[in-house]
Amino acid sequence: MENFYLFGKGELAIYCAELYLSKYNKENLKIIPVIPEPAWTESLVAWSEKNRVEIIDYKSISGVDIVSSSIGLSIYFDKIFKTELIDKFDRLCNIHNSPLPKYRGVNPINWALKNNEDSHGVTLHIIDKGIDTGDILDQKIFSINQNMEVSDVYNLCIESGKELLNKNLFKLDSLNSQPQNNEDASLYTKLDFDK
């Protein structure tokens, strides 16, 4: 797990990077940030520059020589990974703000609240060629209610994401995985949100 590529943005990605650096050297950490970064969350780019951690532009990642034993983790990254990139990693993982297989795709928190769910969650899973369809590595479920705003549930997701990282970050290469039950799956896209 020495060679680690972190794709993402915001507070949880920064938390992950700091956790990684508590055990490994910064020379082994590569940051691939969401560009442009959203203004509503902490800047992963600013954190990387301050800590002198290498930043790689996603547009050039296909040309990067990634050692086959490398691990990648996506935390709120905004691109769908192509098979050629997935195959470069020993394991490429994702943190998704839903209790997969429910709420695959975009804006899972919004949809959970719209659908009057009484629980939600965060899932750590393997990235495959589908949209949030990869095998589950770990999951944290918590209660929600209709008095909550999206920001309330998002903050619960951040805290649950930190718990998942504390428990699993240093064993991403060896965690056992469970296939998702596609009978329970739901998917929401940008087109659904626009409606």
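How many bridges join β5 to β7, and do the two run parallel or antiparallel? Four bridges join them, and they run antiparallel.

What you have here is a predicted model, in which local features need pLDDT of at least 70, side-chain atom pairs count only at pLDDT 80 or more, and totals for chains, interfaces and linings use all residues. Residues are numbered from 1 along each chain as its sequence is written, and side-chain values use heavy atoms, with hydrogens and water left out.

First, the overall picture. The protein has six helices and nine strands; helices (H or I, at least four residues) and strands (E, at least two) are DSSP runs, numbered from the N terminus. Its C-alpha atoms fill a box of roughly 45 × 35 × 30 Å along the principal axes. Buried residues, meaning those under 20% relative accessible area with a 1.4 Å probe and protein chains only, make up 49% of the 195 residues.

Now for the sheet. Seven strands form an open sheet with mixed pairing, in the order β3-β2-β1-β4-β5-β7-β8. At the edges sit β3 (54-55) and β8, each pairing on one side only. Two strands count as paired if DSSP finds at least two bridges between them. Strand β1 (residues 4-8) pairs with β2 in the parallel sense over five bridges, and F7 stands opposite I32 in β2.

Back to β5, which has partners on either side. β4 and β5 run parallel and are joined by five bridges, with R91 in β5 as the bridge partner of I71. Over towards β7, N94 stands opposite H125. β5 is also well hidden: six of its six residues are buried. R91, C93 and I95 cover one side and L92, N94 and H96 the other, and all of them are buried.

What lies on this sheet? Helix α1 lies across β1, β2, β4 and β5, running at about 165 degrees to β1; such angles run from 0 to 180 degrees between N-to-C directions, with axes fitted as lines to C-alpha atoms, for helices over the stretch in contact. Helix α5 packs on the sheet too, touching β4, β5, β7 and β8, and its direction makes about 140 degrees with that of β8.

Take a closer look at α5. The helix has 19 residues and reaches 26 Å from its first C-alpha to its last, close to the 27 Å expected at 1.5 Å a residue; the expected span is 1.5 Å times one less than the number of residues. Its buried residues include V153, Y154, C157 and I158. An α-helix has 3.6 residues a turn, so residues three or four places apart point the same way. The buried residues of α5 pack against several elements, among them α1 (10-21), β7 (119-126) and β8 (136-143).

N168 lies in α5 (residues 150-168) and is buried, with a relative accessible area of 2%. Not counting residues up to four places away in sequence, N168 touches L124, D138 and L175, where contact means heavy atoms within 4.5 Å. The side chains of N168 and D138 are joined by a polar contact of 2.9 Å; that term covers a pair of N or O atoms within 3.5 Å, where, within protein, one must be able to donate a hydrogen and the other to accept it, and residues adjacent in sequence count only if both atoms are side-chain atoms.

How values were computed. Buried < 20%, exposed > 50% of the residue type's maximum accessible area, 1.4 Å probe, protein only.
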